[in-house]
Every structure is written in structure tokens, then in C-alpha cells.
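Please keep the sequence and the structure in view while reading.

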Amino acid sequence: MRWITFFVLLYVMYALHLGELGGWVHAGKHWPRIEYLLILAIFYALFAAEGAGPMCGFICGMLYDMGDGLFVGTTAVPLALMTLMVVRVRLSIFREHFASQVVMTFLAIGVFAVLSVMMRKLVGGPLEGGVAGHLGHVVVNGLYTALVAPLFYRVFFRFQGVLGFSSHGPRGRIHEIRR
């Protein structure tokens, strides 16, 4: 994995996140919206080296928290834990299949939503509309994000040489050609 490429992608995804590109305007706010930083964290959890996935999730979460300016760590820690869970199950799924990516992204964001609510309750962080409101907000954003995430994964995966990894990772078997 190449960290410089990750930081370039992080910069691009954070700009998309701040611009709320693709968000639907509802009551003066963009909601639901695409969670670009979560897409990047889940992509790295699915395809990068095992140790890099949670670190990428933590860095994406820290940037997310610094953009909100409220409590640093209320997104970073749950996002790192969620990416750790994705890293643990990624060898059990077909990571390059569209349906698997949609389902995995939605489930990962659902786990992130629950962890985020628990973390915010633990440290007294702000919750949008209480526990149920915050959970619902993140889950609806997660559904919208899960539907567009495979398109981003496909674009990112086109640059696998630049990113410095492949879908098979270090545990993949190399099959010899038999003659």
C-alpha cells in the first residue's frame, strides 16, 4: 500500500464530503448524502493490507471529526473498529462483486452507526435528534452510500498499481501453471 496515494484520495474524498456532492436538498440541508470518507475507509478495509485498513479508517474518522469541530474521536474510534471488523470478514466474501460490495458497505455503515451512537453516549457527544434520530440518519445515509459505493470502488480499483495493492492481498495463493 502506498500512503501518499491514500492521502491524495483522502483529500479528494474530503473535498467531496465538504461539498456534499450528490446530497439531496431536504429542509435546507443535504440529506440523505453520500458519506465519501466512509467509502474510502471501507474500500481500504476491503482491499488494502490487514494492518492498513483500520489505520485508514482512523485517519478518515479523524478528518471527519475535525471537519465537524465538536468532539475529536467520536467518529474516528468507531470507524477504526468498523474497518477492523471488515478486515476480519473480507476473506469470506467476494470482494469484487457488485452485490457483495453493496451489502458489505451497508452492513459496515450500520455497524458504524451503532458504534458511533455508543461512543457519543459514552463521551457525551452530540447526537442528531437523540439516539434513534442519529442512528436513523446514519443508516439512511448508509443505504444511499452503499448504492453508489461500488462505482467508487471500481474507479479506485482501476488504479490498483498506483494504490499499491490487489484484491488478493498477502494471503492470496499463487497458482502455478501446470504443463
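**A nonpolar patch and the salt bridges**

Leucine 84 is located in helix H4; helices (H or I, at least four residues) and strands (E, at least two) are DSSP runs, numbered from the N terminus. The model is a predicted one, in which local features need pLDDT of at least 70 and side-chain atom pairs count only at pLDDT 80 or more, while totals for chains, interfaces and linings use all residues. Residues are numbered from 1 along each chain as its sequence is written, and side-chain values use heavy atoms, with hydrogens and water left out.

With a relative accessible area of 33%, leucine 84 is partly exposed; buried means under 20%, exposed over 50%, and partly exposed in between (1.4 Å probe, protein chains only). H4 provides the largest share, 4 residues.

The charged pairs come next. Side chains of opposite charge can pair when their charged atoms come close. The structure holds 3 salt bridges, a salt bridge being a side-chain nitrogen of Lys or Arg within 4 Å of a carboxyl oxygen of Asp or Glu.

In one of them, glutamate 20 pairs with arginine 33, and the closest N and O atoms are 3.1 Å apart. Glutamate 20 lies in the loop between H1 and strand S1 (25–26), and arginine 33 in the loop between strand S2 (29–30) and helix H2 (36–47), so the pair ties together parts that are 13 residues apart in sequence. Glutamate 20 is partly exposed at 24%, whereas arginine 33 is buried at 14%.

Arginine 33 also forms a salt bridge with glutamate 35, at 3.6 Å between the closest N and O atoms.

Glutamate 50 and arginine 88 form another salt bridge, their closest N and O atoms being 4.0 Å apart. Glutamate 50 sits in the loop between H2 and H3 and arginine 88 in helix H4, so this pair ties together parts 38 residues apart in sequence. Arginine 88 is exposed, at 57%, and glutamate 50 is partly exposed, at 27%.
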